[in-house]
Every structure is written in structure tokens, then in C-alpha cells.
Amino acid sequence: MEEQVQTKEKVDLKSLTKEELQEFCEEQGLQSYRSDQVFQWLYQKGVSSFDEMTNLSKDLRSQLSEIAEVNRIEPVTSQESSDGTIKFLFRLPGDEDYKVEAVMIPDFYPDGAANRLTVCVSSQVGCVFGCSFCATGKMGFFRSLTHGEIVDQVQYINEVCEEKFDKKITNIVYMGMGEPLHNYEAVVNSGSIICDDLGIGLSPKRITVSTVGLTKQIKRLADERQPYNLAISLHAANDEKRDEIMPINSSMNLAELKEAVQYFYAKLHRPITYEYLLFDEFNDSPKDARELAQIAQWAPSKVNIIMYNDVAGVALKRAREQRLDAFMKELVRNDVTATVRRSRGDDIDAGCGQLAIKEGQARGK
Ligand code: SF4
């Protein structure tokens, strides 16, 4: 009879939360400061092997490498736009060879020094929600990222920023590929690692999680008192129009969204941000602005009006400047705090709704 050799699967350390990593290290008979050291190597320094953990003894490194592994996303390419925005393409670890994109959007002081460095991270390869204007939605859905894969995007881009601007990233938005609250655990776990002093050390006030309006998860954020800002991808201010462009609205409509938003605000007293892509002659009339103003009153809020970057194969187009002006005037008349956001990086397809791996590349084939 053939002898069967059973090999135990190695533990992916980045699939563990900080507490789980502590337990794992304890089980190996290590003192608790060792777990902090490993955590720091994984998330602050972004190493991809035990050999690089130079403050661990050689014996300890070899003990760990026999039972555990360190996976890390791999940068593939980056493209810089004329406005300074940089889009990064990463390959996820593992056989599947999936890829995601993340974008760094810099703001500069008049003297040219970097002011805000905002990173937009991806949480999934593709997306199940299929919003009609969104390039990611057109890809279909492949898989969710782990919290380690989300932190890796931030860690890598942080290093690039330090090298390029001598400055760390200042803000993070979960608005890249995928619906963050459809990957709830990984998103909140990545946030806590990003905010940890042994991780990236960013204040949670600088982190915004965006959702298409998953009401249960919005309430869960509130119940768990998660410290992040909430943004709602609204894009239409009545059910009829929202149904037309965002399939989620037919199962979770604006009345349910209102209830969830008010629940969130009542528990956390944190203002809500609404993201509203302005589409030509679809959602850009003064009547649309008045409907949006009513939504803005559900709870203290601000509205970002985003100029859409046209996506190939999408009938909706960017609103004209004249209609934008009239829309903004109507919002101001209705006491809405609103800002126009010009999409950045549109010459490299890094603007809002444009993140998608080109056809056939999602699996790196
Ligand atoms: Fe998914 Fe967001 Fe795109 Fe809608 S807008 S398809 S939720 S990534």
C-alpha cells in the first residue's frame, strides 16, 4: 500500500487579526512582544518573508517558516496622470492570479508641496452589484480581498508617497473596486490594522468607507461603533431613477436607506457624505437637486457632486457645465453643503467609476 504523507497546511499570518496573531504566537510558546514584532513586520514594513524579520533570531524565523507563511500582494504596474494621480495595479497572491487597482490622489499647496495624499483602495475583485455606470460592475465578481490584501495596498502606496513626497498618506477611502460592506469583516479588520500604531498609524477620522447602501451593514457599523466615516454612493435621489441605474435599490430602497442612515447618525453622531455622480439630463435637473436636498436632511451631511468620466459602453454621460451650475445653485438655495469634485486621473482611467481591469486581465490571463 502506498504510504500517505500528510502535510499540514501553513497558516497565512495575514489572514489573522492582531488578537489571533497573538494567540498563534502564544501557542508557539512565544512571549507577547514577539507577536507585536511580527505584526509590525507584516503591516508597517510590508515584508514578504520571515528572512526579512531581522529582529527575530534565525531559529525563530525557521520555526515560524515551517508552520506559517507570509503572503503579500505584488505591484505590477503604475501609471501617473498629468494631474499627479497615480493608479497602481496589484496581483493578488495565490494560484488564482487575480488583480486589483488602487489610486493615490495628491493635493498640492500653491508652492507645489504635497498637502493631502488620499488613497482609494479596492476591497473586491469585481463587484456583484452591477451599477450601470460603473466599469467595475461590468467585470462581474471574482472574489473578496482579505484584510491583509487591503492593508498591503495602503502599505505599498505609503512607501511610494514617503519616497516621492517625503510624506505619509493622509486619507483613505474605500471606494475602489468592489462594494466594501459586501466584504464587511475584511474591511473593518483592515481599518483597525491601518489605524494601529504598529500598522500604518492613521487616525480613523481619516478613513471613509463607502457603500452603495447595504442597510444591514450600515447598522452593524453603528452597533459595533466602528470609528470610520460613512459615505453613501447615492447617484440618484428618487427610487425610480435609482432603480434604473443601481439594481441594489430594488431590494433596499431609499426609505430603508433613510432608516439605516438615521440609525447610524443617532448612534455615532457622525455626519454622512453622499456621493452623487452627475449625469447629463438624467439626474441633473433643479427638481433632482431639490430631491437630493431632502435626502441631505435625513441627518447632518455633506454632498459631493462628482463629474463623471465617461466609460466605454455606458449610455450615461457627464453633465454639462451649465447644468452643473444650475444644479449647484439649487442645492445652495436649499441649504445643502455641497462640493463639486472633478474626477482626477481621468486620462489614465482612474476616475470615479472607471476602475476595472481591462477585459481578460482580471485573472491575470
Ligand atoms: Fe459595485 Fe460600487 Fe461599481 Fe456599484 S458603483 S458596481 S457597488 S463597485
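Visitor: How do the residues of the shell around the ligand divide by class?

Guide: Keep in mind that this is a predicted model. The shell splits into five nonpolar, five polar and one charged residue. The residues around the ligand include Cys-127, Phe-129, Cys-131, Cys-134 and Val-212, and Cys, Phe and Val count as nonpolar. Also in the shell are Gly-130, Thr-136, Gly-137, Gly-178 and Ser-233.

Visitor: Which residues carry the "active site" feature in UniProt?

Guide: The UniProt record, an unreviewed entry, puts it at Glu-101 and Cys-352. Such annotations may be inferred rather than shown by experiment. Glu-101 sits in strand E5, residues 99–108.

Visitor: Why is Glu-101 called buried?

Guide: Count the C-beta neighbours: Glu-101 has 25 inside 10 Å. The cut-off for buried is 20 or more, so Glu-101 counts as buried.

Visitor: Is His-269 buried or exposed, and how do you know?

Guide: His-269 has 9 other C-beta atoms within 10 Å. Exposed means 12 or fewer, so His-269 is exposed. You'll find His-269 in the loop between helix H9 (254–268) and strand E12 (272–278). Its phi is positive, about 50°, although His-269 is not a glycine.

Visitor: And what about Asp-335, buried or exposed?

Guide: Run the count again: 9 C-beta neighbours lie inside 10 Å of Asp-335. With the limit for exposed at 12 or fewer, Asp-335 therefore counts as exposed. Asp-335 lies in the loop between helix H11 (321–333) and strand E14 (338–342), and has a positive phi near 60° without being a glycine.

Visitor: Where do the domains run?

Guide: The domain assignment gives domain 1 as 11–69 and domain 2 as 74–348. Their centres, taken over C-alpha atoms, are 33 Å apart.

Visitor: How many residues of domain 1 and domain 2 are in contact?

Guide: Ten residues of domain 1 are in contact with 13 of domain 2. A contact needs C-beta atoms within 7 Å. Helix H2 (residues 32–43) gives the most to the domain 1 side, with four residues. By class, that side of domain 1 has two nonpolar, five polar and three charged residues.

Technical notes
Residues are numbered from 1 along each chain as its sequence is written. This is a predicted model: local features need pLDDT of at least 70, side-chain atom pairs count only at pLDDT 80 or more; totals for chains, interfaces and linings use all residues. A residue is near a molecule or strand if its C-beta atom, placed from the backbone, lies within 6 Å of it. Helices (H or I, at least four residues) and strands (E, at least two) are DSSP runs, numbered from the N terminus. Domain bounds come from an automatic or database domain assignment. Two residues are in contact if their C-beta atoms, placed from the backbone, lie within 7 Å.
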